[in-house]
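Reader: I am new to this structure and would like to go through it step by step. Could you please show it to me?
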Amino acid sequence: IGYNNSNPFSGNFDGNNKTISNLQIDRTGGDWMGLFGQFLTATVKDLTLDGSKMFGKDTSGGFIGNMAVNSKAENCHVKNVDIVFTSYNVGGFTGSVLSGSQVINCSSKGSVVGVNQIGGFAGTSWNNSLISKSFCEGTVAGQYIIGGFSGFVTFAFGPATVNRIEDSYSRSNVTAISEQVGGFYGSAQNTGNFKNVYSTGTVNL
C-alpha cells in the first residue's frame with residue numbers, strides 16, 4: 001500500500017482492531033517496503049500485522065516503510081517480523097520517521113537485519129519526529145549505526161530540529177560488526193531528545 005514515492009499512501013486507515021496475517025515481499029533492490037510503503041501525510045490506527053517477511057535494499061519496515069510529512073501511526077503492532085535488507089534505514093516497525101511524523105503506542109517483535117541505520121523499532125528519525133509509548137523485542141543485526149530501538153537520530157540535511165523518543169523501551173538483542181552501536185540507539189546527534197527510555201537487551205560487537 002503506497003508502492004513508491006510516485007504512488008504514496010496518503011489516506012486514513014482505521015484497522016478497527018483487526019489483524020492482517022502473513023505479509024511477504026521479496027524485491028531485490030527494493031525500497032519503501034512494508035504493509036504500508038511510502039506513507040505520506042497519512043494516518044493508521046488500531047491495526048495488528050502478524051507475520052512480516054521481507055527481503056530488499058533500504059528504507060523499509062515491518063509495518064511501515066517510510067513515514068513522511070506529518071504522518072501518524074497509533075495503536076499499531078507487528079509481530080513475527082523477519083526482514084533482511086542489504087543497505088540502510090530499516091526498522092522492525094518503520095524504516096524512517098520524518099518531518100513531523102508521530103508513532104504512539106506501537107510495537108514490533110522479531111528479527112531485523114541490515115547494514116547501517118538499523119533499529120529494532122525504527123531505522124532513522126529526523127526533523128521534529130516523535131515516538132512515544134512504544135517498544136520492540138527480538139534481534140537486530142548489522143554493520144554500524146545499529147540500535148536495539150532506533151538506529152540513527154539526526155537533523156538530516158536541514159537546520160537542527162528536535163527528535164523525541166519517550167516512554168519507550170527495547171528488549172532486542174543487538175549484534176554489530178563495526179561502530180556506533182547501542183542497546184537503545186546506535187547514534188544520536190544533538191537533536192535527539194530522550195525521556196524515560198531504556199533497554200534490557202544484550203549488545204555484541
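**Strand pairing**

Author: Strand 5, which covers residues 64-68, pairs with strand 8 in the parallel sense, over three bridges. Please keep in mind that the model is predicted.

Reader: Which residue in strand 8 is the bridge partner of I64?

Author: The bridge partner of I64 is T94.

Reader: And is strand 8 mostly covered or open?

Author: Strand 8, residues 94-98, is mostly covered, with five of its five residues buried.

Reader: In what sense does strand 8 pair with strand 12, and over how many bridges?

Author: Strand 8 and strand 12, the latter made of residues 122-126, pair over four bridges in the parallel sense. Within this pairing, S125 of strand 12 stands opposite V97.

Reader: Let us turn to the sheet. What is the order of its strands?

Author: The order is 2-5-8-12-16-19, in an open sheet of six strands with parallel pairing.

Reader: Which are the edge strands?

Author: Strand 2 (36-40) and strand 19 (185-188) are the edge strands, as each of them pairs on one side only.

Reader: How many degrees are neighbouring strands turned against each other on average?

Author: On average, neighbouring strands of this sheet are turned by 5° against each other, with direction ignored.

Reader: One more topic: how many bridges join strand 16 to strand 19?

Author: Strand 16, residues 150-154, is joined to strand 19 by three bridges, and the two run parallel.

Reader: What stands opposite V153 there?

Author: In strand 19, A188 stands opposite V153.

Note on methods: Residues numbered from 1 in each chain as written. Predicted model: local features only at pLDDT ≥ 70, side-chain atom pairs only at ≥ 80, totals over all residues. Heavy atoms only, no water. Buried < 20%, exposed > 50% of the residue type's maximum accessible area, 1.4 Å probe, protein only. Pairing = 2+ DSSP bridges. Axes fitted to C-alpha atoms, helices over the stretch in contact; angles between N-to-C directions.
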